Amino acid sequence: MKVILKEDIKGVGKKDQIVNANDGYARNYLFPKNLAVLADKGNLTNLQSKKTSEEHRKELEREAAKETAKKIEEILLKLPVKSGENGKVFGSITAKEIAENLEKQYKIKVDKKKINLQEPIKNLGTFNIEIKLYDGVNAKLKVNVISM
């Protein structure tokens, strides 16, 4: 019997996958626990429309990420910090501070986990930082660390 899974089931399949299940297993376990539905014409149509809308939503997210990437590429983020005589920053600048300043100065919200900073910035100067906005959409942000 062909069924459409509503949830991930270990050893059977993933959510929204069409699988062949034994008749007894489907009738006595999957259907009563609402883990699957019969793969008839109506349910297959619902599954197809659900997948289509999911693809459309992902495409919209990708386009929004590309727009944000264009905005980020044009920005020179200035971060004033206290520093010592030879250009050493007191403390360091982390991805969290970069994300907060980007939102405060330019109203662009970026998750700090998406900012690819190998190690915290500890010197004055201009740095190019990569931000991963979406799968396959990256932006380079120029950060200028200046002394107060």
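The structure is a predicted model, in which local features need pLDDT of at least 70 and side-chain atom pairs count only at pLDDT 80 or more, whereas totals for chains, interfaces and linings use all residues. Residues are numbered from 1 along each chain as its sequence is written, and side-chain values use heavy atoms, with hydrogens and water left out.

I begin with the secondary structure. The protein chain contains three helices and nine strands; these are DSSP runs, helices being H or I of at least four residues and strands E of at least two, numbered from the N terminus. Along the sequence, the pattern reads β-β-α-β-α-β-β-α-β-β-β-β. The radius of gyration, taken over C-alpha atoms, is 25 Å, well over the 15 Å that the globule rule gives for 148 residues, so the chain is more spread out than a compact globule. That rule is 2.2 Å times the number of residues to the power 0.38. The C-alpha trace spans about 80 × 25 × 20 Å along its principal axes.

Four strands form an open sheet in the order 4-9-8-6, with mixed pairing; two strands pair if DSSP finds at least two bridges between them. Strand 4 (76–81) and strand 6 (115–116) stand at the edges with a single partner strand each, so one side of each is left without a neighbour in the sheet. Strand 4 runs parallel to strand 9 (residues 137–147), and six bridges join them. Leu 77 has Val 143 in strand 9 as its bridge partner.
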